[in-house]
Amino acid sequence: MSIATPLNTTLQRSPLPSSLSVFSPIHTTTVSVTGTRKRCLRMVTSCVSSHSQSSVHNGVTDAVSVRNQIRLGLPSKGRMATDTLDLLKDCQLSVKQVNPRQYVAQIPQLPNTEVWFQRPKDIVRKLLSGDLDLGIVGLDIVSEFGQGNDDLIIVHEALNFGDCHLSLAIPNYGIFENINSLEELAQMPQWTAERPLRVATGFTYLGPKFMKENGIKHVTFSTADGALEAAPAMGIADAILDLVSSGTTLKENNLKEIEGGVVLQSQAALVASKRALTERTGALDTVHEILERLEAHLKAAGQFTVVANMRGTDAEEVAARLKTQPSLSGLQGPTISPVYCKRDGKVSIEFYAIVICVPKTALYESVQQLRAVGGSGVLVSPLTYIFDEETPRWSQLLSNLGL
């Protein structure tokens with residue numbers, strides 16, 4: 001498989017600690033340092049070296065650098081950034097910025113945590129380098145820039161926003177008009193070693209990996225950051241590999257997805273560095289709190305509390321009537337409490353209060369079923385949080401960490 005790549009530039013890592021590491025092009029400039037300047041240079045080098053206790057090899061640190069704050073990376077721009085901040089706010093983890101142009105912020109409820117706004121791909125890179133401990137980013141970016149690194153661990157894979165999928169798309173005309181599957185695309189006689197299938201994409205790791213796994217040999221990739229949909233019409237690519245949400249943009253550009261051409265499904269996820277969770281003080285406790293807040297809020301999304309009064313002789317008799325209706329079971333079962341009425345100067349129990357939790361999609365049906373068994377005075381209110389005894393994802397995380 002041949003992969004077209006941009007013009008190569010030789011890069012050299014500057015002698016900074018991992019938390020400040022940058023890359024800069026090599027320049028052949030000769031500098032003479034003598035006397036006091038030599039001593040100053042030695043002092044600066046000494047200060048920089050003592051800043052961190054981690055070493056870097058191929059962009060990945062061997063150990064967690066020494067700092068007290070937990071660092072959480074969040075997307076800095078776009079819809080992903082807005083949705084991330086909205087979700088955290090709904091979980092009572094509002095991000096506070098002194099200045100909206102600053103790249104660092106705080107979450108008052110997590111006093112030991114710093115928020116760093118970064119590009120999604122830089123969040124993944126800095127999780128690997130040890131400059132970040134946690135991050136919220138799309139699974140597509142984790143897969144592309146994490147490249148299967150064992151240090152990246154998915155804490156929560158479904159934060160319910162940023163839904164999309166990475167998919168191969170081809171023109172809906174010409175030689176591709178009757179091609180509707182990846183298998184048919186691979187069997188087209190046009191693709192040879194001299195004239196491979198040309199794919200334009202920004203996913204230069206996942207793209208070749210997907211093609212290799214599906215046995216497509218004669219293919220070459222060209223990199224592009226935007227407007228991929230125009231590449232086939234311009235004649236610079238035969239197909240594109242890009243993120244798809246609704247598919248409207250593909251249709252408007254006479255492109256189509258094909259069967260078997262989906263590389264992965266993606267949405268926003270909470271990601272962490274395994275080394276940070278096991279080595280940095282407080283990181284695991286912070287993740288536990290964030291995870292519980294996320295789980296409780298996401299589980300409650302789209303759920304309603306329904307309260308109604310029912311006349312009955314006792315709680316068991318009322319429960320038996322409720323059990324005849326499929327939408328009135330609640331989470332574990334309905335809560336039934338006596339309603340104490342005052343009649344002729346005496347306290348009596350003639351009604352029972354019913355409390356159940358129902359999905360939004362089944363709300364009206366549940367109200368109708370309550371009425372059918374004698375329910376009245378129905379009250380409905382949205383749920384904000386549902387806290388379980390322990391979130392299953394926490395147990396899974398501990399297992400993944402070997403704890």
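Visitor: Which residues of helix 3 meet which residues of helix 4?
Guide: Pro120, Lys121, Val124, Arg125 and Leu128 from helix 3 meet Ile141, Val142, Phe145 and Gly146 from helix 4. This is a predicted model, where local features need pLDDT of at least 70 and side-chain atom pairs count only at pLDDT 80 or more, while totals for chains, interfaces and linings use all residues. Residues are numbered from 1 along each chain as its sequence is written, and side-chain values use heavy atoms, with hydrogens and water left out.

Visitor: What makes something a helix or a strand here?
Guide: Both are DSSP runs, numbered from the N terminus: a helix is H or I with at least four residues, and a strand is E with at least two. Helix 3 covers residues 120–129, and helix 4 covers residues 139–146.

Visitor: Why is helix 3 called oblique to helix 4?
Guide: Their axes cross at roughly 55 degrees and come within 9 Å. Axes are lines fitted to C-alpha atoms (for helices, over the stretch in contact), and angles run from 0 to 180 degrees between N-to-C directions. Under 35 degrees counts as roughly parallel, over 145 as roughly antiparallel, 65 to 115 as roughly perpendicular, and the rest as oblique. That makes helix 3 oblique to helix 4.

Visitor: How do the residues of that contact divide into nonpolar, polar and charged?
Guide: There are 6 nonpolar, 1 polar and 2 charged. Ala, Val, Leu, Ile, Met, Phe, Trp, Tyr, Cys and Pro count as nonpolar, Asp, Glu, Lys and Arg as charged, and the others as polar, Gly among them.

Visitor: What about helix 10 and helix 13: why are they called roughly antiparallel?
Guide: Helix 10 (residues 283–300) and helix 13 (residues 392–401) pack at about 150 degrees, their axes 9 Å apart. That angle puts the two helices in the roughly antiparallel class.

Visitor: Is the crossing of helix 10 and helix 13 left-handed or right-handed?
Guide: Right-handed. That word applies if the near helix is turned clockwise from the far one by less than a right angle, and left-handed if anticlockwise.

Visitor: Which residues of helix 10 and helix 13 meet?
Guide: Leu284, Val287, His288, Leu291 and Glu295 in helix 10 meet residues of helix 13, including Pro392, Trp394 and Leu401.

Visitor: What order do the strands take in the open sheet of 6 strands?
Guide: The order is 6-7-5-8-15-9, with mixed pairing. Strand 6 (104–106) and strand 9 (152–156) are at the edges with a single partner strand each, so one side of each has no neighbour in the sheet.

Visitor: How do you know that strand 6 and strand 7 pair?
Guide: Two strands pair if DSSP finds at least two bridges between them. Strand 6 and strand 7 (residues 113–118) are joined by 3 bridges and run antiparallel. One example is Gln106, whose bridge partner in strand 7 is Glu114.

Visitor: Which strands are at the edges of the sheet of 4 strands?
Guide: That open sheet has the order 17-18-16-19, with antiparallel pairing. Strand 17 and strand 19 (375–382) are its edges, each pairing on one side only. Strand 16 and strand 18 pair over 9 bridges, and Met310 has Tyr352 in strand 18 as bridge partner. Helix 12 (residues 363–372) lies across strand 16, strand 18 and strand 19, at about 155 degrees to strand 19.

Visitor: Which residues does Leu363 touch?
Guide: Leu363, in helix 12, touches Phe304, Val306, Val358 and Val380, leaving out residues up to four places away in sequence. Contact means heavy atoms within 4.5 Å.

Visitor: What makes the pair Gln325 and Thr324 a polar contact?
Guide: Their side chains meet at 3.4 Å. A polar contact is a pair of N or O atoms within 3.5 Å; within protein, one must be able to donate a hydrogen and the other to accept it, and residues adjacent in sequence count only if both atoms are side-chain atoms. Gln325 is in the loop between helix 11 (315–322) and strand 17 (335–343).
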